[in-house]
Amino acid sequence: GIIKTETPRTFYFDPSYSAPEDIKDDQGRVIVAKGTTVNPLVSLAWGQPLIFIDGEDESQLTWSLKQTGKIVLVRGSPILLQEKLGKSFYFDQAGIYTKKFGIKQVPAIVAQEGFQLKISEVSV
């Protein structure tokens, strides 16, 4: 259901999580109490942007190779592209990330902005 970007858009994803039960460390001490809302971006950096593309679309592939970040395919073969281009590619298995982030169009970039993730579906 992911299409090539027709109408660029930018939106945000809040990764905050509310603990359904106490989270304990290896010694049984509560480190996050049940019901506490935690945003992991407060204490951890997201790292490199994720760049979602259709690996079978030559224009998206060419564009993605000029970007900084990890390239995640929604279609195509990461193994064949890696062999052809000598670069690591990842695959959004079962659409887990595109569903989680609400991505409907590619190419799309997911990058940290403050304590949220900025998601940009862009045209190439």
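How many aromatic pairs does a search of the whole structure find? The search finds 3, where a pair means rings of Phe, Tyr or Trp (its six-membered ring) with centres within 6.5 Å; planes under 30 degrees apart count as stacked, over 60 as edge-to-face and the rest as tilted. Before we look at them, please keep in mind that this is a predicted model, in which local features need pLDDT of at least 70, side-chain atom pairs count only at pLDDT 80 or more, and totals for chains, interfaces and linings use all residues. Residues are numbered from 1 along each chain as its sequence is written, and side-chain values use heavy atoms, with hydrogens and water left out.

Let us start with F13 and F101, an edge-to-face pair with 5.2 Å from centre to centre and 80° between the planes. This pair links distant parts of the chain, 88 residues apart: F13 sits in strand β2 (residues 9-13) and F101 in helix α3 (residues 96-101). Helices (H or I, at least four residues) and strands (E, at least two) are DSSP runs, numbered from the N terminus. F13 counts as buried because its relative accessibility is 17%, and F101 counts as buried at 6%; buried means under 20% relative accessible area, exposed over 50%, and partly exposed in between (1.4 Å probe, protein chains only).

F101 also meets W46: the ring centres are 6.1 Å apart and the planes are at 75°, so this pair is edge-to-face. Here too, distant parts of the chain are linked, with W46 in the loop between β6 (37-38) and β7 (50-54), 55 residues from F101 in helix α3. W46 is partly exposed, at 29% relative accessible area. Ring pairs link F13, W46, Y97 and F101 into a cluster.

Leaving aside neighbours within four places in sequence, L117 is in contact (heavy atoms within 4.5 Å) with residues including F13, W46 and F101.

What is S64 in contact with, leaving aside its neighbours within four places in sequence? S64 contacts I51, I53 and I71. S64 lies in helix α1 (residues 58-64) and is buried, with a relative accessible area of 0%.
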